[in-house]
Amino acid sequence: MTQDIAVLCELYVSPSGREAITTIDKALELYRYDELALSFNGGKDCTVLLHLLRACVHNKILKSENQDAAALGNALKQIRVLYFQPPAETGFPELDSFVVEIVEQCGFSLVVFTCGFKEGLQQFIDSTGVKAIFMGNRRSDPYSGELTHFSPSSAGWPSFMRILPILDWSYCMVWKALREFELPYCSLYDKGYTSVGGRHDTEPNPLLKRPDGSYDPAWKLEDESMERCGRVKR
């Protein structure tokens with residue numbers, strides 16, 4: 001648990017880190033724990049967000065009158081982590097395993113969907129009353145350039161507030177946080193994958209290929225604009 005606070009103290013020094021922490025803290029003030037969820041696909045961006053959210057909840061508990069471990073566990077369990085599991089023929093088994101392991105390790109409640117994203121969200125919101133969902137979007141992601149840290153869902157989608165704490169983080173900053181604090185992440189990134197979708201449209205990034213045919217880990221990518229170079233259009 002002390003690592004949670006160490007992460008916050010270190011990240012608060014940088015403007016983007018401070019902005020992310022401030023955004024999460026604001027969300028924790030605006031919404032009850034059971035009104036919050038986190039959309040999680042096991043990727044690096046939402047993984048760093050998962051760790052940040054846990055750290056901010058921990059920090060909030062420490063500032064309250066009820067500071068024991070049971071209070072932290074109860075708070076974390078009220079926040080649902082949503083995983084839309086791809087079909088077995090297109091998904092990565094490594095991602096499936098990692099999602100289950102890391103969510104359990106961090107203490108959140110995992111909800112697994114096998115339906116479409118839009119359909120699943122509607123059913124989930126209707127049945128739980130969740131009002132806001134943390135997402136790991138960054139501005140370099142498709143359709144994310146004009147978003148703000150608190151962005152209502154788009155027209156035609158279920159109504160909820162999108163909370164985007166790491167919107168202004170770079171690829172490099174995500175990896176710096178994960179590696180500097182030794183935070184667990186999916187093993188695919190150590191095999192050269194820099195942006196992970198499904199098995200049908202994702203390959204290791206060719207820029208990381210070594211002479212012997214193996215690949216450097218994702219954090220060694222020097223040109224951040226080539227992050228999605230391993231995504232293949234079929």
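Trainee: In this predicted model, which residues are linked in a network of salt bridges?

Mentor: The side chains of Asp34 and Arg32 meet in a salt bridge, with N to O at 2.9 Å. Lys131 and Glu35 also meet through their side chains, at 3.3 Å from N to O. The network of salt bridges therefore consists of Arg32, Asp34, Glu35 and Lys131.

Trainee: How many residues apart are Lys131 and Glu35?

Mentor: The side chains of Lys131 and Glu35 form a salt bridge. Lys131 lies in the loop between α6 and β4, and Glu35 in the loop between α2 and β1. The pair links distant parts of the chain, and the separation is 96 residues.

Trainee: Is Glu35 buried or exposed?

Mentor: A residue counts as buried under 20% relative accessible area. The value for Glu35 is 7%, whereas Lys131 has 44% and is partly exposed. Because its value lies under the cut-off, Glu35 is buried.

Trainee: Which residue forms a salt bridge with Glu227?

Mentor: Glu227 lies in the segment after α7, and its partner is in helix α3, so the pair ties together parts that are 183 residues apart in sequence. The closest N and O atoms are 2.7 Å apart, and the partner is Lys44.

Conventions. Residues are numbered from 1 along each chain as its sequence is written. This is a predicted model: local features need pLDDT of at least 70, side-chain atom pairs count only at pLDDT 80 or more; totals for chains, interfaces and linings use all residues. Side-chain values use heavy atoms; hydrogens and water are left out. A salt bridge is a side-chain nitrogen of Lys or Arg within 4 Å of a carboxyl oxygen of Asp or Glu. Helices (H or I, at least four residues) and strands (E, at least two) are DSSP runs, numbered from the N terminus. Buried means under 20% relative accessible area, exposed over 50%, partly exposed in between (1.4 Å probe, protein chains only).
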